[in-house]
Amino acid sequence: MYLKSLELTGFKSFAKKATLHFNSPITGIVGPNGSGKSNTAEAFRFVLGEQSIKSLRGKRGEDMIWNGGGDASTGSSRANRASAKLVFDNTRRIFAGIDFDEVTLERVVHRDNTNEYLLNGTAVRLKDITELLATAHIGATGHHIISQGEADRILSASIRERREMIEDALGLKIYQWKKLESIRKLEKTEENMERVASLRREIAPHIRFLKKQVEKIEKAEELRRELTTLYKQYFAREEWYVQTNKETYSHELTGPKKELAELDHLLIQAKEILTASKNKDKKSDEVIALEHKLATARSEKDTIMRELGRLEGEISANKRTIEKEKEKQKKDEFKTVYLKDVEEVISSIESFKSIEDAKKLFSEVVATLKSFVTRHRSITDSALIAESEHEIHALESQRHGLESKLKQISETESHISREYNELKQAIEKEKDTNRDAEKEVFRVIARQNEVRHVISDLSAKLDIVIRDEELLKRELGEAGITLGRDAVTYEKMSGHVETEPRAAQEDRRHQIEKIKIRLEDSGGLGGSEVMKEFRETEERDTFLARELEDLEKAKTELKQLIADLDVRIDVEFKTGILKINTEFKKFFALMFGGGTAELTVVREVKRKKKSDLEDLGDALSGEFDANTRMGANDANESQEQTPEGLDVNVSLPRKKVKGLMMLSGGERALTSIALLFAISQVNPPPFIILDETDAALDEANSKKYGDMIESLAAHSQLILITHNRETMSRAGVLYGVTMGSDGASKLLSIQFDEAVRVAK
Ligand code: ATP
């Protein structure tokens, strides 16, 4: 037994809390008309989540709440809430998901029409209740709760509704729910797939754009790597080149520089020599002076020689005078007056004109004559000899003086001459030295030119190397800025370095410039942001792709699940129908004492293609277009077999009429009961509530009904609302419902006899 109790508080006519305990397989509820019995059956529907207030005989939820009743003296004021609480025994875990031995379901409705659902005291959603009940095989269609006047509901229902009810009764609802859920999930999945696909479509151009950027960046990165490698090679070699050449040229320069310094020194020395020789011009002056002196001495000597000669002459003249005088003295008579002298005296006398002139002339003739006599007389004078001798003597003394002077001068001359020669020799020697110095000057200057040439050559080379070094420094700085530390961190070349033509290095530089230009053109700088974005976007795309894959997988799985559920529902439905038919026939024959009845599967053809969900939605909402039954085929429209419906075929014993339409009210009731019981027999629900289902039965049938009830009670708990004595007799527990003047229902446990009385 699964049902433990039902507690009503403020529910409809049950103003005060009333509890029904279901301790027996069959519980009977009896009472006079209008006492509130049906309200208890409705309380079951209510608590199980019935949404149709109409089917609970109300207009609004508020109508479920005790509305007060009776007159002012006896009545009680209306309630603010109606509550129905159903307690289940869950020791056998009919509610598989709930690990408690007791399960309490409670529904409360408030005046504002709001509802609360409580599962074991905890607020839950209606959906949770519905699903929970489906698992316990307590369906929402309420096939196990037959309300008053609804006994033939299953017969008056459409074939589709009937199928619904039977599916519910067969416990297929849970699969339907699962299927519906799967279809919803499928739709959601497809929506998600579309959303994800559209997201991917949206980001695809961005990814393509970013990819191009990244490719550019990667290319730039590649170029940077290439450039870095090239730079390293270039720098290493350039540094080695610069250093080596600098050292070489510097070293090579030291020799010539030293030599040049030495040459300078030599030149100074040589020039000093030459400068010194200029000073030695004094020597030439000296030579000249000596020459002058020598000339003076010689001229003096000559003068003396000439003087001596003259003296010699005078001496010899004097000597000849002496000799002549001596001769003349011997021949004085031979003295003669020259004609010319006589002519001169005559001309002087002839030329006088006056006395004064005669006086003057006379004195002049006298003078001339006197001079003539004087002259002739001295020569012939013997004193002349003495005078000449005297003169010779003077002359010889003079000659003696001159000769000693000559001797002195000759000595001086020879002295000067010697001095002159020595000086001359010295000058000659000096001239030789100067020539050497001059030669040295020329040599040194020539060598200096050579060395200077070498130095300038080397310096030019060194300058080039220094320029190369500066260039290298600049390039290092540049590379450091462009490419970072790595590019300027290279292994230094040392030891033996394989030589290569300088052009190779030029080629490298050229190559470097080319790459630099390409790098600039690529514009791939500041790429980390783009890389990051690309990575993120790509990750997102991958994520979406994976999500799409997952969704695709889920879709396939859901489709498979739906297909599996369809198969399962189909199989279980068909086998269920077979089993129900067996029972149906049995109960029918039992009720009618023969005849036959069965459920037949009707397949419908729909013209319009609908989605599974629409179909199922229709099915679950019970909307069914009867006009679409038994498909009128339209060849132009796509046809689809819709879920099957169920028809009921009956064939009464001893009667030719067939079909439900032909049955009397009682016959309909019996057929309904037979079908209901057959269904309940095949898949017994935990409980069945029958509200005056037996109302139309005659006594004989009431007996059969009673028997059937007892066999049903073996599997399901029964709650029977009845006026029927026979039915009452089958109940283990009886409740009587009465209504006092206050309009409120009262509940009391009663005995059979009392029940019979109360029922009336
Ligand atoms: P019958 O045997 O004739 O079928 P019953 O015992 O099944 O009668 P019910 O139909 O359950 O009787 O009870 C109906 C009674 O409940 C009515 O008298 C009605 O006035 C009362 N009732 C229904 N709703 C409310 C409410 N909200 N407040 C007070 N009374 C209510």
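Q: Two strands pair if DSSP finds at least two bridges between them; what makes S8 and S11 a pair?
A: Strand S8 (145–146) and strand S11 (residues 687–691) are joined over two bridges, so they meet the requirement of at least two. The sense of the pairing is parallel, and Ile 145 has Ile 689 of S11 as its bridge partner. Strands here are DSSP runs of E with at least two residues, helices are runs of H or I with at least four, and both are numbered from the N terminus.

Q: What kind of model do these values come from, and which residues count?
A: The model is predicted: local features need pLDDT of at least 70 and side-chain atom pairs count only at pLDDT 80 or more, while totals for chains, interfaces and linings use all residues. Residues are numbered from 1 along each chain as its sequence is written, and side-chain values use heavy atoms, with hydrogens and water left out.

Q: What makes S8 and S14 edge strands?
A: The open sheet to which they belong has six strands in the order S8-S11-S12-S3-S13-S14, with mixed pairing. S8 and strand S14 (745–750) each have a single partner strand, so one side of each is left without a neighbour in the sheet.

Q: Which helix lies across S3, S11 and S12?
A: Helix H14 (residues 699–713) lies across strand S3 (26–30), S11 and strand S12 (717–721). H14 runs at about 145° to S12; axes are lines fitted to C-alpha atoms, for helices over the stretch in contact, and angles run from 0 to 180 degrees between N-to-C directions.

Q: How do you know which strands stand at the edges of the sheet that contains S2 and S7?
A: Six strands form this open sheet in the order S2-S1-S4-S5-S6-S7, and the pairing is antiparallel. S2 and strand S7 (122–124) each have a single partner strand, so one side of each has no neighbour in the sheet. Neighbouring strands of this sheet are turned by 20° against each other on average, direction ignored.

Q: How many bridges join S1 to S2, and how many join S1 to S4?
A: Strand S1 (residues 3–9) is joined to S2 by four bridges, and the two run antiparallel; Glu 7 has Thr 19 of S2 as its bridge partner. S1 and strand S4 (residues 81–89) pair over six bridges, also in the antiparallel sense, and Leu 3 is bridged to Phe 88 of S4.

Q: Which residues make up the covered face of S2?
A: In strand S2 (residues 18–21), Ala 18 and Leu 20 form the covered face, whereas Thr 19 and His 21 form the uncovered one. In a regular strand the side chains alternate between the two faces of the sheet.

Q: Why is helix H1 called largely enclosed?
A: Of the 11 residues of helix H1 (residues 37–47), 11 are buried, so H1 is largely enclosed by the rest of the structure. Buried means under 20% relative accessible area, exposed over 50%, and partly exposed in between (1.4 Å probe, protein chains only). The buried residues include Lys 37, Glu 42 and Arg 45 as well as Ala 43, Phe 44 and Phe 46. H1 lies across S1, S2, S4, strand S5 (102–110) and strand S6 (115–119), at about 80° to S4.

Q: Why are Arg 93 and Asn 120 called partly exposed?
A: Arg 93 has a relative accessible area of 29% and Asn 120 is at 30%, so both values fall between the limits for buried and exposed. Arg 93 is in the loop between S4 and S5, and Asn 120 in the loop between S6 and S7. Neither is a glycine, yet phi is positive: near 50° for Arg 93 and about 50° for Asn 120.

Q: Which residues have the most contacts inside the largest nonpolar core?
A: They are Ile 166, Leu 675 and Phe 677, in a core of 57 residues. Its largest share, 10 residues, comes from helix H11 (residues 528–592). Apart from this core lies another, of 49 residues, among them Leu 3, Ala 41, Ile 65 and Val 103. A nonpolar core is a set of buried Ala, Val, Leu, Ile, Met, Phe, Trp, Tyr and Cys residues joined through side-chain atoms within 4.5 Å.

Conventions:
Contact = heavy atoms within 4.5 Å.
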